[in-house]
Each structure stands twice: as C-alpha cells, then as structure tokens.
Amino acid sequence: MWRRKVSVTEMTTPTFRPVERKLQAVRARVWRARAVRAAPWSAVAGASAFSFAEVLGRPTSTALGVGALAVLTTLTVTLGVWRLVRPVSLAWLARLVETRLGLQERLSTALEVAPQNSVVAAALHRDVAARVTAIDVNAVVPIRVARRPSAVFLAALVLAVIAPQLGGWLPRTVPAVVDGDVGVSAASVRSLAELAARAAEDRSDPHLAAVARALRELAQEAESRPDGVVTDAERLGELLTALDRMTANGLPPGLRPADRVADQHTSPSSLSETLQALERRLAPPESVADDEPRGPGLTDRPIVGSPPGEPSAEGAGSTNRATGPVDGNYASRERLQELARQAAAERTQEVGAAAIIGASEDASAGASELAGRGSQELFGDAASVARPGESEAVAVQDDESEDGRRVNLEVAPDAADPITPQDGVVVVGDWQPTPLPSVSASHLPYEYRHVAAAYFLPSQRTVER
Amino acid sequence: MDEHRPTTEDVATLESDLGLLAATKREIASVVVGQDEAIEQLLIALISGGHALIEGAPGLGKTLLVRTLANVTGLEYSRIQFTPDLMPADVTGTMALVYEDGKATTRFQPGPLFAQLVLADEINRATPKTQAALLEAMQEHTVTVAGTEHHMKEPFFVLATQNPFEMDGTYALPEAQIDRFFFKIVVDYPSESMLETILDQTTGAETTTGKQTITPQDILRFQQRVREVPIASHVRRAIARFVRSTLPSEPANPAAVREYVRFGISPRGAQAVVLAAKARALLDGRFNVSLDDVRFAVAPALRHRLQLNYRGAAEGLSVEEMLLELFDAQARAAIP
C-alpha cells in the first residue's frame, strides 16, 4: 500500500513549537521567582530606609515615601543586575529545565540543531516534543521565599516599628540649624508679634500675650543683627507652634495648622510659610483692609444694602424664607450688571451696609469668579464662618437665569437635617439669628469684595436686609 | 533537497536499530556475566569505528567477551596470539608461490589480520615491528604487501589484550601507538554475587555462547549514525575546556596537572571522547550527547592517553580519578 513519506520538517516543526512556548513559560516563571527572591531584600531596604528617615525625624509621610522608593529601587536594581549577570536566554532556560528534570541535554541540543539535519536530529526533536508536554513549569522553578532574607526583613520591620520611638531618643536635626539663617526676617516676626499682641488684647488672653512678647524679643534680637534675619529656628518654631495652637481652636484635627507646624518646623521655608499663615489668620478684618493693597477706588464702605450708619446684618435673616422659582426674590440682571459696572468703575460707595452672612465650603456662585470657591477661600477660614450652630452659613448652588441667579439651595445654619433640593425647588430651613456677627463685606479683602459686589451679594435676598 | 530530508520511516528505522543495539548488549551480558561496563564500552568502541585495548588479569573473561561479541555480531573472527617471535608477515599475510595452470606465480596469502573482528592477544609480547604492522592496519584499514595495498573487510575491529602483571619480556606499546586505540577497557574482577552467577552458568551442563542479534551491515549503519548524533554547544565547550585542563604546560591549570602529568590529552583523545559519548547516547536509546555520556567515555577513552610523569607514577596517582575530577569541574560550570 502506498504511503506518503512525511518529511521530518513537516513532522517536527509543528510539534517543536510547544518547546519554545514552554520555555517562554519557564522564563516568565524564572522572573517571578527572581522577583520573589529579591522582594525580601527590597523590603529590608525599604524598612531600613523608613527607619532611617524616622530616626532622622522626618515626617511619617516622607519616611513612607523614602521607604517605597528604596523598595522599588532595590527591586529594580537587583533584577537589572540579575538580568545582566544571568541573562535568561532560551538556551539557558533549556539547560535549566533539563538539569532539574534530568532530561540529559535534550532541550539544549534540540534548540541547536534543525530536525532536517539528520535522522538522529529528527528523532531527537520528536523525542523532545513528546517530553515537553509533561514538563511542569512550577516544579522546574519553584517559587519560595528564602528564610534568611525573610528573617532579616522581619528584623527590619521591627526596627521600622520602633523607629519613631527611637527617633525621640536621638537628637533632632533642628539644633543643627539653630544658629543658621532660617530665612525669616525680623520685620515679619515683629509684624506677627504685633498681630498676636492685638489678638491677645482682644481676647484678654495672657498666654497669647506672652507668646507675643516672646516674638517681639525674637524680632528685636534679629533686628540687632546686620542681616536682620532670625537665626534661632528652634525658638521661632516653638513660638509659632504655640501661637498656632492658641489660634486654631475649632479646626478639625486634620486641618489644624499646629500639626503642620509640628511636622515642618525643621525646615526654614516651612517656618516662613507658617509665619505667613499665622499672620493671615491673626490679621483682623480692619487691619487687612488697611494693610493690604487695594483695588483702585475701593473703600471700606459697605457694598450693598442699608446706608452707612444703620445696623448691619447681625440677627437678620429670620425672614429669609424659602425662595423658589415661583416666589423667589432675585436681583435683576440689570442690577447685577450695574453693580458689576460700579465695581469695575470703582464706584462701590453706593453699595450700602450689606454683609455676607456666610457660606459653606462648597458654596459657589455659578458663572461668577467665585465659582468653586468655598467660604474657606473667601474668608480664609471656613470654620470661623461656617461653624455649625454659630455661623449663618448659606450654601449656594445656583444657575443663571434671566432674572439673575437663581438660588437653588440655602442651608440655614441651625437646620437639623441636611437640606437638599427637591424637584429643583429651593428648600430652606428655619432661619435663626446667631450670636456671631456675619462678616461685613467691607471687611473682606478687596478682591473678594469686588467680586462679591458684582455677583455674589446681590443674588441673595438676605444681604439686602 | 527534499528527498534527502529524513522521513518518519527513517526515524522509525533508527528507533528499531536502537532496539537491536540494546538486544545485543543484553545478549552479550547473558554470556559474559558481571562485566556490564566492559560490554558497554566494547560496543561503544565497535559502533564508533574504533579499536580497543583490553587490559585485565588472566581468567577474567577477556577472550570470552571477544568471542561472544563475534557470535552476536556475525563478524568474521580471528585470533592472533602475539609472541616475541611473531613476524609481521605472520599477521598481515605474505606473497606465496602458487601454481596456477601449470605456471608458478605469486599470490597474496592474507594473514589472520584479514578478518572483521581480530583479537590480538597479549599484543605487548610481540616485537615493535610486528606491533607496528598491526597498528598500521588498524589506522589505515589497509595492508601493503609487496607494493600492493590490500583493503580490510569492513567493519574492521581490532581488540588487543595485554596482561598488566606479567611485564617481563614484553615490549610495551609506545605512547604514539597506544594513542591509536580508541578505548582502553579495563576488565575488573566481578563482584561476589556475579561470581556466583558465573560459576553457575559456566560449570553446568549447558553453556551459552550467544546468538547473533545484529549483522555487520547493521554495525556499519550504526557507525554512520553515531556521527550524526548532535552534541550541544555547552557540552562540546565543556569537553574542550576539560581537554585543555589536562595540559601541564598551561599555567592556569590545576597544580596536580602541572606537577604530575607528562603528556596531556591530544585532539585525537578529545575526538574519541566525543565519538564515544555519541555512541553511548545511541546505546542508551537517546539521540543527543549528555554530560553523563561524556563522563562515561572519559575514562576508557583517555586513561591510556594521559601520561603521568615519574613523580605522578611514584605518588601512585590514579589517572582515572584525575580525569574525572578535571571533567567534573568543567561539567559543573556548564550547569546553570
């Protein structure tokens, strides 16, 4: 019977492809195994770097970043060096497999000879193709974590855990810059001292007064230096921390500047920034209005509402009932445009004794420049304005209409439940007068006054009380 | 070119050939008990196309081994007992005066060398001149008598024996000539259990001589196939480095080599190792050379090629151990 003779090329080539596929699978497994072997050492490096940073007194977030960087760097470098020293070629993989499975150089030989070279080569390829299907990649390259590096890693982990405590025993790095230039001018410190003194006087707070005195002394000492720069960073940091703590009541823990000061007072630039932040916080509205550069023609006169001399908005707002699409009380577009023109033409003196009674952090003014700005940005400190139960916070979510802006939502400060828009209709809770005064528009920094006069204030009925 | 490509039938034939080899090995082992390693080495030398020098004490079955090989392979067998008075013509043959059709004429009368399997018993007892005649035939597979070249019948396989103990009155083979032997097979004493089997088999009423399992044509085909067995580059490299490591003139080589070795391994020795490893792979039913095959071939292929110097001999160093140690060092380096 006639039988077609099948050439070796036909016979072996298709069956030999699985060998290469299998070797590729082994290659992937080899790299995974290498990564696992390198991982404990990388973790050791990361934990060590973290511990080192902690011992040096770096903030935890910084230490974590350094640790993560050390892990990645070590892993990358280790695998890179491994790749250079022991390249994972197909021939190498073949030798690895045949050594571990006792295949007696079958794979590496088969990789080097073509099946059509000879009958023996053809037989070899057929033999290899049959054997390769039984190769268990996991058995060839078992992935296991070595004991010794794991033990070292555990030790490093323990060190990382105790490192923050260890950092307390060791000298901090602050004294190293005590006598250096911390980049804070005497004038800045004196300015802050004066603000603190005024705040202390207002509050009748002797502790704050003491801090103010200490700041004055520090400023005086700096003024005596030729460069007029504060050099005692540690002392300045302590005073700023104290001042920060005394003036940051009511802030949620995450926002307490005291935390940030404590974290950052090893850095001269942070001292400077902290000082400026405190200065902004302590500056009374009058002083801000006095000290800050103003827009041309802007005065301290009230912007909207009653004529000067009349009582301002304290206690007002009880009439601020719900305003919806039907019975809403809006500023007209003409009025808005007029106010905008007045602001632009620096003729804001016509704006009366209006007041912004408050805004929550997410208050926005639609298309105005205030869009996306919350009261924190407006007033510098959200908590002092929108403090629950005290402030007359109004959340404004609005859109433009022909009549001006439609107020979709106002939130009364004492509303028991969160008020949400219902079917597009404004829902407003009962308005209760609060003991805290609203912030007079005239006390705002000029840039906000300008914007408020143009867009924000006229849209709210409450400001026209 | 396609018609030269091996086919599935060729592969099937090869696989059945390997079965023949294994059957041959079993058949010899059933007659010559307890000498499995020597049998394997003998078959390797046979299918590699080399000649072997068998060394062993009297009575260990050297002659039986060769005779059994002749029986199972169907090779024309001839035995030459070498003695000091043996002349070259006694081995190669001579021009004899014969009468044909009433006329006297000379005709070549082939000597006992003209066989396919020649047992040159106690080769070291013949004079160097006679040894040289044999060795020339081994090398060239031809004998020149009276200016006429006579070809040996293929396959041509010479097995020479020598007794390591009775060296008085012998002519030791010079290094250049001993190098022509592909293998030096050492027949060792059998173990106790094997000895029992030998006693049982050889002193009974029936003795076996072995039946033919392969033909001379099969052997010629094997000799061709052996050279086709592929060898991986890292194995080849390990052999080359190993051979280089036996040279006493290389400063980087181990101190023992530089101190105790007189001559290292020649390229012919390296060739013998590779060929023997290839043959061993086929004998083992595989189609490629492994490091194990090479290691197996190192001792029989090189033990008579590595010459220790006087100090090495005086220290009683084992050539085999030194060779295996040197090879293992290179083989380890080849393993990932």
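What follows is a walk from the whole complex down to single residues.

**Before you start**

This is a predicted model, in which local features need pLDDT of at least 70, side-chain atom pairs count only at pLDDT 80 or more, and totals for chains, interfaces and linings use all residues. Residues are numbered from 1 along each chain as its sequence is written, while chains are lettered from A and ligands numbered from 1 in the order in which they are written.

Colour the model by pLDDT, the predictor's confidence in each residue, which runs from 0 to 100. Chain B has a mean pLDDT of 87, with 98% of its residues at 70 or more. Where pLDDT is low, the predicted coordinates should not be read in detail. For the complex, the predictor gives an ipTM of 0.85 and a pTM of 0.59.

**Stop 1: chain B as a whole**

Select chain B, whose secondary structure comes to 14 helices and 11 strands; these elements are DSSP runs numbered from the N terminus, with helices being H or I of at least four residues and strands being E of at least two. Of the 336 residues in chain B, 46% are buried, where a residue is buried if 20 or more other C-beta atoms, placed from the backbone, lie within 10 Å of its own, exposed if 12 or fewer do, and partly exposed in between. Among the contacts in chain B with a separation of 6 or more, 77% join residues 24 or more positions apart, a contact being two residues whose C-beta atoms, placed from the backbone, lie within 7 Å.

**Stop 2: where the chains meet**

Now show both chains: 28 residues of chain B are in contact with 27 residues of chain A. On the chain B side, α1 (8-31), α9 (233-244) and α12 (291-302) each supply at least two residues, and the largest share, six residues, comes from α1(B). By class, the chain B side has 13 nonpolar, six polar and nine charged residues, with Ala, Val, Leu, Ile, Met, Phe, Trp, Tyr, Cys and Pro counted as nonpolar, Asp, Glu, Lys and Arg as charged, and the others, Gly among them, as polar.

**Stop 3: α1 and α8 of chain B**

Which residues make the contact? From α1(B) they are Leu14(B), Asp17(B), Leu20(B) and Leu21(B), and from α8(B) they are Asp218(B), Arg221(B), Phe222(B) and Arg225(B). This contact has four nonpolar, no polar and four charged residues.

**Stop 4: α2 of chain B**

Move to helix α2 (residues 36-48) of chain B, where 11 of the 13 residues are buried, among them Ile39(B), Leu43(B) and Ile47(B). Gly49(B), which follows α2(B), has a positive phi near 80°.

**Stop 5: Leu134(B)**

Next select Leu134(B) in helix α5 (residues 128-140) of chain B. Is Leu134(B) buried or exposed? Leu134(B) counts as buried because it has 26 C-beta neighbours inside 10 Å. Leaving out residues up to four places away in sequence, Leu134(B) touches Val91(B), Leu113(B) and Ala120(B). Its C-alpha atom is separated by 7.5 Å from that of Thr92(B), 42 residues apart along the chain.

**Stop 6: backbone details in the loops**

Most residues other than glycine have a negative phi, and most peptide bonds are trans. In the loop between β6 (142-145) and β7 of chain B, select Ala146(B), whose phi is positive, near 55°; with 9 C-beta neighbours inside 10 Å, Ala146(B) counts as exposed. Then go to Pro155(B), in the loop between β7 (148-151) and β8 (157-162) of chain B, where the peptide bond from Glu154(B) to Pro155(B) is cis, with omega near -10°.

Finish in chain A with Gln104(A), in the loop between α3 (90-101) and α4 (106-112). Gln104(A) has a positive phi near 55° and is partly exposed, with 19 other C-beta atoms within 10 Å.
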